[in-house]
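My notes follow, entry by entry.

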Amino acid sequence: MSLFENTLKQMKKASRLMNLDKDIEDILSRPQKIIEVDVPVQMDDGSSKVFKGFRVQHNNALGPYKGGIRFHPQVDMAEVQALAAWMTIKTAVVGIPLGGGKGGVVVNPKELSEAELERLTRKYTQLIAPVIGPKTDIPAPDVGTNPQIMEWIADEYSKIVGKNSPGVVTGKPLDKGGSRGRGSATAQGGVFVLNEYVKENGMDVRETKVVIQGFGNAGGVAAKLLVENGYVVLGASDSQGGIICTHGIDPNELLTCKIEKKSVKNCGRHVEEIHDKDGMTCRMVNNEELLEAECDVLVLAALENQITAENADKIKAKVVLELANGPISPEADEILHKKGIVVLPDILANAGGVTVSYFEMLQNADDKYWSKEEVISKLKDIMVHAWKEVNSTAKKYTCPLRVAAYITAIKLIESKIHNNL
Ligand code: NAD
């Protein structure tokens, strides 16, 4: 089953429960526009290569299409469609006036020189320029892209339209119109949601043990914030493997070590040396062992389909926080639900990123820039409000939080579509 089919399956559960109009379901079941491009790039050695690129505009009932651009060797059209649809739902869950879109280029950015990456980004921008713009479709970073790449897109787009248009992307560097707090927004939003869940369920953060899959932008920052909030982060992993330590890791040390030793899996000894006086032991774990570790909260911050029908039964966490998009397949979702494991779903839990992207658009429009405290406080208001809406919908319909998040979002989109018909 493709990732987009997974998305439709999730949406169907909600539409059945809420008795959604067939017309609205049809509208949301397909993207409004799909763009597929071949991106020719001159390589440093003088040869040329063609990379496949996509931009999918799923729905703009609430506002301009919004969504990141992924540079990854395995990205494909079905994945981009799924990610675009989730953006439509996510922006509605947090109630911001944006629609859903997503882009992707089939490339491993780590294998390109900086000059090649810049040429690829500029060429891709030229090819999708007719459909993007500050009022139509606003890309942002995702896996494999970053503020520098956003700056190249903004610059290239500005040349094409003949005027400075930084508002064509969000996630820009701070000195180019970016927002304070954007880098930590996804993780921060997820931590706000987890804090609300923990509070509501009478859990004690100091006794809440967390394991994190994916020690990248979202997962690395989440580790820091969770420790700052008093949680015990037992371990983390990246694509090469991970470590789990008996008394918890220090995210800052692990981050420094990962940069130096390329993977967190090589940091067990390092962390152990620092903490051995406390009698701490760390062990290297592979991806399966990390996912199946004894813990209270499992944070998924890597890629899609990490928990499937194959391994769902082995998950021991009580709560799963989805910072990644689509890390649990629909079959696995049902297995986890039957086991009583609560999933704080991606379309709510990782919406902090797009929310601060929206803040960036507001700041660009006013040319007034907010402090980091202001950004975080506004983000907290939105995330806590979204959590309350989704949680009360889950109670009203007696359904899992993911289905409730879809219902919350689709109701808003439905009313907008009806108004516009
Ligand atoms: P990233 O590339 O910075 O980090 C991903 C991390 O996951 C890397 O450390 C990578 O090594 C690791 N990883 C990959 N495969 C793994 C595996 N099998 N096991 C363990 N680790 C693995 O990307 P990111 O920006 O942190 O995004 C991660 C996820 O969060 C993606 O699904 C993305 O769409 C989602 N997300 C990110 C943002 C954001 O603002 N960064 C916003 C919304 C959603």
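**Entry 1: the sheet**

I began with valine 211, which stands opposite leucine 298 in strand 10. Before going on, I noted that this is a predicted model, where local features need pLDDT of at least 70 and side-chain atom pairs count only at pLDDT 80 or more, while totals for chains, interfaces and linings use all residues. Residues are numbered from 1 along each chain as its sequence is written, and side-chain values use heavy atoms, with hydrogens and water left out.

For naming, helices (H or I, at least four residues) and strands (E, at least two) are DSSP runs, numbered from the N terminus. Two strands count as paired if DSSP finds at least two bridges between them.

Strand 6 and strand 10 pair in the parallel sense over 4 bridges. I then followed leucine 298 to strand 11, where its bridge partner is valine 320. Strand 10 and strand 11 (residues 319–322) are parallel too, over 4 bridges. Going to strand 7, I found alanine 236 opposite isoleucine 212. Strand 6 (residues 209–213) and strand 7 (residues 232–238) pair in the parallel sense, with 5 bridges.

What is the order of the strands in the open sheet? I read 9-8-7-6-10-11-12, for 7 strands with mixed pairing. Strand 9 and strand 12 (342–344) are the edges, each pairing on one side only. The twist averages 20 degrees from one strand to the next.

I also looked at which way the side chains of strand 10 (residues 297–300) point: Val297 and Val299 go one way, Leu298 and Leu300 the other, and all are buried. Buried here means under 20% relative accessible area, exposed means over 50%, and partly exposed is in between (1.4 Å probe, protein chains only).

**Entry 2: the cysteines**

How many disulfides does a search of the whole structure find? It finds 2, a disulfide being a pair of cysteine sulfur atoms within 2.5 Å.

Cysteine 245 and cysteine 282 form one of them, with sulfur atoms 2.2 Å apart. Their link is right-handed, with 110 degrees about the S-S bond. Cysteine 245 is in strand 8 (residues 241–245) and cysteine 282 in strand 9 (residues 282–285), so the bond ties together parts 37 residues apart in sequence. Cysteine 245 is buried, at 1% relative accessible area, and cysteine 282 is buried at 14%.

Cysteine 257 and cysteine 267 form a disulfide with sulfur atoms 2.1 Å apart. The torsion about their S-S bond is about -105 degrees, so I wrote this disulfide down as left-handed. Cysteine 257 sits in helix 8 (residues 251–261) and cysteine 267 in the loop between helix 8 and helix 9 (268–275), 10 residues apart. Cysteine 257 is buried at 1% relative accessibility, and cysteine 267 is buried at 0%.

With the bonded cysteines numbered in sequence order, the pairing reads 1-4, 2-3.

Cysteine 295 is buried at 7% relative accessibility, and cysteine 399 is buried at 11%.

**Entry 3: a helix pair**

Next I checked helix 1 (residues 3–18) against helix 11 (residues 330–338): they pack at an angle of about 45 degrees, with axes 9 Å apart. The axes are lines fitted to C-alpha atoms, for helices over the stretch in contact, and angles run from 0 to 180 degrees between N-to-C directions. Helix 1 and helix 11 are therefore oblique to each other. On this scale, under 35 degrees is roughly parallel, over 145 roughly antiparallel, 65 to 115 roughly perpendicular, and the rest oblique.

Asn6, Lys9 and Lys13 of helix 1 make the contact with Pro330, Glu331 and Glu334 of helix 11, where contact means heavy atoms within 4.5 Å.

Is arginine 122 buried or exposed? Arginine 122, in helix 4 (residues 114–128), counts as buried at 14% relative accessibility. Leaving aside neighbours within four places in sequence, arginine 122 is in contact with Trp152, Asp155, Glu156 and Lys159.

Lysine 388, in helix 14 (residues 372–397), is exposed, with a relative accessible area of 52%.
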